[in-house]
Amino acid sequence: MVGYKFMGKAHSHAYRDLPFYFDCETEPVLQALAGRDEEGVKAAAEKMGWLSYETDWRRLIERDDIDLIDIVTPNNTHAEIAIAAAEAGKHILCEKPLALTMEQAQRMYNAVKKNNVIHMICYNYRFSPAMQFAKKLIEEGRLGKIYHMRATYLQDWIMDPKFPLVWRLTKEVTGSGALGDIAAHSIDLARYLVGEFDEVTGMMETFIKERPVAEVSGGLSAKSDSSVMKEVDVDDASAFLVRFENGAMGVFEASRFAGGNRNGNRFEINGSKGSIRWDMESMNNLEVYFADDEAGLQGYRNITCTEEQHPFADAYWPAGHIIGYEHTFINLMTELMKGLSEGYSPSPNFDDGIKNQEILAAIEKSVETRGWVKVEQMKLVENV
Ligand SMILES: NC(=O)c1ccc[n+]([C@@H]2O[C@H](COP(=O)([O-])OP(=O)(O)OC[C@H]3O[C@@H](n4cnc5c(N)ncnc54)[C@H](O)[C@@H]3O)[C@@H](O)[C@H]2O)c1
């Protein structure tokens, strides 16, 4: 694994816990961790249970005792690491978003296809049992024809104008702001549950135009006493409308300036026969409404998705004994282990990663051109 902070912790924990809950033919061995700072990577490897460490990710790729490269570094590093890993015949798990640009994403996609390695991208929210159950209800036709999806992904961790300029606020490291960081998750859930995007139109805003440079940062926290200010060149908030290929309408909003919302990943889907709604901060619950319920008893009901009928749930605890954020990663990696045993790339994989990237690019283009953009127009020819 390359990187060892926020996602490094989530992935390490998931690899360690996976065999405790699931019987997989292929089991993860935490062989080596890579980071640039020897003292930091050594301490992280000891704490998180990695057997060895390297101070350059290229050494991981050269090692014969490593089959899978897990990329949990900032977005500007994904392409170089993934392409080198694929060319060395290593399987890949990459954090989202796939890349900074469509051009990078296409090169990554070409590399995994050409070298025939297993690939996955870490859109983990799909793997909460409630989301898997939502998918099942939709596939069974229980919501009927889907008319609407309205999704918000709201955070508030950078509202203080003195909050430093971390990598997530610098275009050349992150690609885009709230759009690629959090709306990308809503886009993945929308593709998973509703279907492919046809066209989009969006708006973006940067409320705080410059910030002090960061001195120490990791995940969503940072410290700085610096008086040196630098420009914020990504969106603090984005909103967009979607026409899905199946005719459904989508309304999406992602913001890091929605005070009081810490990780408000929420949505509602309405169909001809029923509706569902979900809130990540109560992730075990799926609210469900069916139009054919008896008159007088109609309304949303709240299902706690911890029963044996709810995918992945019975690997954990008895009904009503809830699971958390970290379990979404364990579930995703269980799929990855299955894919490694059976020789396929479980979804979400780089096919999903590149489609997500096309949508992000189309939204950015629509903001530039102040109009609607067909997602298909963002597709690159494969021989980039
Ligand atoms: N799936 C999710 O819900 C989710 C949540 C958070 C972050 N992410 C994604 O995970 C990735 C990492 O985000 P994070 O929050 O863990 O970041 P972070 O800042 O907490 O950690 C990044 C790590 O990468 C290391 N790093 C940076 N540049 C490097 C380089 N050139 N070589 C080696 N190591 C390098 C840093 O030292 C650090 O260990 C990003 O792509 C982000 O979008 C996904």
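Axes are lines fitted to C-alpha atoms, for helices over the stretch in contact, and angles run from 0 to 180 degrees between N-to-C directions. Helices (H or I, at least four residues) and strands (E, at least two) are DSSP runs, numbered from the N terminus. The model is predicted: local features need pLDDT of at least 70, side-chain atom pairs count only at pLDDT 80 or more, and totals for chains, interfaces and linings use all residues. Residue numbers start from 1 along each chain as its sequence is written.

**View 1. Packing of helices α4 and α5.** Helix α4 (residues 78-87) lies against helix α5 (residues 102-115) at an angle of about 15°, and their axes are 8 Å apart. The two helices are therefore roughly parallel to each other. Their crossing is left-handed; a crossing is left-handed if the near helix is turned anticlockwise from the far one by less than a right angle, and right-handed if clockwise. From α4, the residues A79, A82, I83, A86 and E87 meet Q104, R107, M108, A111, V112 and N115 of α5 (contact: C-beta atoms, placed from the backbone, within 7 Å). This contact has 7 nonpolar, 2 polar and 2 charged residues, where Ala, Val, Leu, Ile, Met, Phe, Trp, Tyr, Cys and Pro count as nonpolar, Asp, Glu, Lys and Arg as charged, and the others, Gly among them, as polar.

**View 2. Packing of α5 and α10.** Helix α10 (residues 350-369) and α5 pack at an angle of about 170°, with axes 10 Å apart. They are therefore roughly antiparallel to each other, and their crossing is left-handed. On the α5 side the contact is made by M102, A105, Q106, M108, Y109 and V112, and on the α10 side by F350, G353, I354, Q357, E358 and A361. By class, these residues are 8 nonpolar, 3 polar and 1 charged.

**View 3. Packing of α1 and α9.** Helix α1 (residues 6-21) and helix α9 (residues 325-342) meet at an angle of about 65°, with their axes 8 Å apart. The pair is therefore roughly perpendicular, and the crossing is right-handed. Residues A10, H11, H13, A14, Y15, D17, L18 and Y21 of α1 contact E326, F329, I330, M333, T334 and M337 of α9. The contact divides into 9 nonpolar, 3 polar and 2 charged residues.

**View 4. Surroundings of K96.** K96 sits in the loop between β4 (91-94) and α5. This lysine is buried, with 23 other C-beta atoms within 10 Å (buried: 20 or more such atoms, placed from the backbone; exposed: 12 or fewer; partly exposed: in between). Leaving aside neighbours within four places in sequence, K96 is in contact with I121, C122, Y123 and A184.

**View 5. Helix α6 and its cover.** In helix α6 (residues 129-139), the buried residues are P129, A130, M131, F133, A134 and I138. Their cover includes α8 (178-193), β15 (274-279) and β16 (285-290). Just after α6, G141 takes a positive phi of about 80°.

**View 6. Contact of domain 1 and domain 2.** The domain assignment, which is automatic or from a database, gives domain 1 (6-125) and domain 2 (129-323). Their centres, taken over C-alpha atoms, are separated by 25 Å. Domain 1 gives 12 residues to the contact and domain 2 gives 17. On the domain 1 side, the residues divide into 8 nonpolar, 3 polar and 1 charged.

Technical notes. Contact = placed C-beta atoms within 7 Å. Parallel < 35°, antiparallel > 145°, perpendicular 65-115°, else oblique.
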